[in-house]
Amino acid sequence: MFIPFTAQAASGVAASSGAASFLSLAPLLLVFVVFYFLMIRPQQRRMKTLQASIEAVKKGDQVTTAGGIVGKVTRVEDQLVEVEIAPNVRVRVVKATLTDVLDPTAKPAND
């Protein structure tokens, strides 16, 4: 009589341990889902729009580089962009280092 009781108790413990392990993982899964929707997904969306704006850069656009240089695009090639940073001062910049394409019709904040 002692043996069937132990087997029955062990099967009950095994069934409840599966539910307990799921409940212990539930907060971790919830944190991952929250991070995905609050951090990962918006960052991916921003990167898509940035890549699209970099690919669509054209002559006359104002751009900002990763180094913080702001200038006007004077020539566009496949991998490089020529940016005028001062009158008659032009630098060639790799397209991948562009961090922002500014609206050329927007007025500066200090004007």
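1. Read along the sequence, the chain runs α-β-β-β-β-β, that is, one helix and five strands. Helices (H or I, at least four residues) and strands (E, at least two) are DSSP runs numbered from the N terminus. The model is predicted: local features need pLDDT of at least 70 and side-chain atom pairs count only at pLDDT 80 or more, while totals for chains, interfaces and linings use all residues. Residues are numbered from 1 along each chain as its sequence is written, and side-chain values use heavy atoms, with hydrogens and water left out.

2. Of the 111 residues in the chain, 14% are buried. Buried means under 20% relative accessible area, exposed over 50%, and partly exposed in between (1.4 Å probe, protein chains only).

3. The largest nonpolar core has nine residues: L50, I54, V57, V63, V73, V81, V83, V93 and L98. Such a core is a set of buried Ala, Val, Leu, Ile, Met, Phe, Trp, Tyr and Cys residues joined through side-chain atoms within 4.5 Å. The elements giving two or more residues to this core are α1 (2-55) and β3 (80-86).

4. V57, a member of that core, is in contact (heavy atoms within 4.5 Å) with V63, V73, V76, V81 and K95, leaving aside neighbours within four places in sequence.

5. There is one aromatic pair in the structure. The ring centres of Y36 and F37 are 5.2 Å apart and the planes are at 80 degrees, so the pair is edge-to-face. Rings of Phe, Tyr and Trp (its six-membered ring) pair if their centres lie within 6.5 Å; planes under 30 degrees apart count as stacked, over 60 as edge-to-face and the rest as tilted. Y36 is partly exposed at 31% relative accessibility, and F37 is partly exposed at 47%.
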